[in-house]
Amino acid sequence: MEWCVSLPKVELHAHLNGSIRDSTLLELARVLGEKGVIVFSDVEHVILKNDRSLTEVFKLFDLIHILTTDHTTVKRITQEVIEDFASENVVYLELRTTPKRNDSIGMTKRSYMEAVMEGLRAVSTVDVAFAPHNVDAGSLRESLPINDACDGKRKKIYVRLLLSIDRRESTAAAMETVKLALEMRDLGVLGIDLSGNPVVGEWMTYLPALEFAREHGLYITLHCGEVPNPKEIQAMLDFIPQRVGHACYFEEDDWKKLKHYNIPVEICLTSNIVTASVSSLDVHHFADLYNAKHPIVLCTDDAGVFSTSLSNEYKVAASAFGLGKREMFQLAKNAIEFIFADDGVKQDLRKIFDLATKKLD
Ligand code: 5GP
């Protein structure tokens, strides 16, 4: 495990509200319990539970959102999540989150995202490079020298943001999120994710917003094939997104299309097993895709909800699929090619991996 922690890593599929520390969730629940908003003893075991079906996961997200959807807490969890990823040598993080409205406290999707940006700026334990075109904050930090991830020096992490559309949302709400993403491009927002309960909503509802996003140059990643839904899977693949997440319920035609378009897959091993989207690692599609040299990247999905970390996902892959250190290093390095950030960032990341090569042998 120690080696997997030292390995520099790229995280491309992490949901902000799924990546919160248990200790923070419990603390927030206690406070709301004291205020009488929730009953702490009812939610404590829900937070600490380890095995969850996909349906239970989405119930848990409803609870998490009650605990976190205020500006101060959004700022706090963003800061903590970035610190946690950096502490295990994640050198590039594409963090995704669903901009939310909470009328009772005057929260708009924009003010939610401003709280996320405040969280990014508040990180002090590591250097965060997050805003490529923003002279006030980003470009200075962006130009900080690269760090060798395993030499014990102060760490640096690149952070970029994806805004998620929740499948419960209407076309208009999805469009609002895309427009917000466009307005926040200079602050490191690179693209759009479609997520949320896969048994809710219709592909055609989100399509206009996703097309608009693409026309305006945003990158797109879709949660695809988390449940059996052949028509939707085909429609999503025909859209040719830049990446897809999960791909658990693909059939032969879907694999053919995915491979034909060479669409990278964000693989979340622990998440797929815990939610029983895949029955066991022995039959996980990682092996086929890896052997076919199809672009794949290991990710956490929800490090908090599934009690995992990116280092742990590499450890799980190594033991389940018999990968040695060299293969794991290459797998981690390959992920650079599928990030949504520009070539300058890719070059920096390649240097970080090259520096790490010697030390990790
Ligand atoms: P947030 O966007 O609130 O920061 O992160 C939590 C949200 O991400 C959830 O409410 C859900 O919409 C989405 N999400 C997290 N994990 C999953 C997952 O495994 N599958 C899908 N489809 N959506 C997820």
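Two points on conventions. Residues are numbered from 1 along each chain as its sequence is written. The model is predicted, so local features need pLDDT of at least 70 and side-chain atom pairs count only at pLDDT 80 or more, while totals for chains, interfaces and linings use all residues.

Confidence comes next. pLDDT is the predictor's confidence in each residue, from 0 to 100. The protein chain averages 93, and 94% of the residues score at least 70. For the complex, the predictor gives an ipTM of 0.99 and a pTM of 0.95. One stretch needs care. Over residues 135-141, pLDDT stays under 50. The model has 12 contacts beyond four places in sequence for that stretch. A contact here means two residues whose C-beta atoms, placed from the backbone, lie within 7 Å. Where pLDDT is low, the predicted coordinates should not be read in detail.

Now the overall fold. The protein chain has 16 helices and nine strands. These are DSSP runs, numbered from the N terminus: helices are H or I with at least four residues, strands are E with at least two. The radius of gyration is 19 Å, close to the 21 Å that the globule rule gives for 361 residues, so the chain is as compact as a globular protein of that length. That radius is taken over C-alpha atoms, and the rule is 2.2 Å times the number of residues to the power 0.38. Along its principal axes, the C-alpha trace spans about 55 × 50 × 45 Å.

How much of the protein chain counts as buried? The figure is 46% of the 361 residues. Buried means 20 or more other C-beta atoms within 10 Å of the residue's own; exposed means 12 or fewer; partly exposed is in between; C-beta atoms are placed from the backbone. Among contacts with a separation of 6 or more, 71% join residues 24 or more positions apart.

Helix 5 covers residues 71-87. It has 17 residues and reaches 24 Å from first C-alpha to last, close to the 24 Å expected at 1.5 Å a residue. The expected span is 1.5 Å times one less than the number of residues. Among the buried residues of helix 5 are Val74, Arg76, Ile77, Gln79 and Phe85. After helix 5 comes Asn89, with a positive phi near 65°.

Helix 6 runs over residues 109-122. Its 14 residues reach 20 Å, close to the 20 Å expected. Its buried residues are Tyr112, Met113, Ala115, Val116, Met117, Gly119 and Leu120.

Next, the ligand. There are 17 residues around it, and Leu16, Asn17, Thr97, Thr98 and Ser195 come nearest. To be near, a residue's C-beta atom, placed from the backbone, must lie within 6 Å. The shell divides into three nonpolar, 10 polar and four charged residues. Nonpolar covers Ala, Val, Leu, Ile, Met, Phe, Trp, Tyr, Cys and Pro; charged covers Asp, Glu, Lys and Arg; the others, Gly among them, are polar.

Now some loop residues. Ala247 sits between strand 7 (243-246) and helix 11 (252-261). Its phi is near 55°, positive in a residue other than glycine. Is Ala247 buried or exposed? Buried, because 26 C-beta neighbours lie inside 10 Å.

Ala276 lies in the loop between helix 12 (269-274) and helix 13 (286-291). It also is not a glycine, and its phi is positive, about 60°. Ala276 has 13 C-beta neighbours inside 10 Å, so it counts as partly exposed.

Ser277 lies in the loop between helix 12 and helix 13 too. With 20 C-beta neighbours inside 10 Å, Ser277 counts as buried. Leaving out residues up to four places away in sequence, Ser277 touches Leu54, Glu226, His246, Cys248 and Asn272. Pro228 is 49 residues from Ser277 along the chain, and their C-alpha atoms are separated by 9.7 Å.

Last, two helical alanines. Ala320 is in helix 14 (residues 310-321). It counts as partly exposed, with 16 C-beta neighbours inside 10 Å. Ala356 is in helix 16 (residues 343-360). It counts as buried, with 22 such neighbours inside 10 Å.
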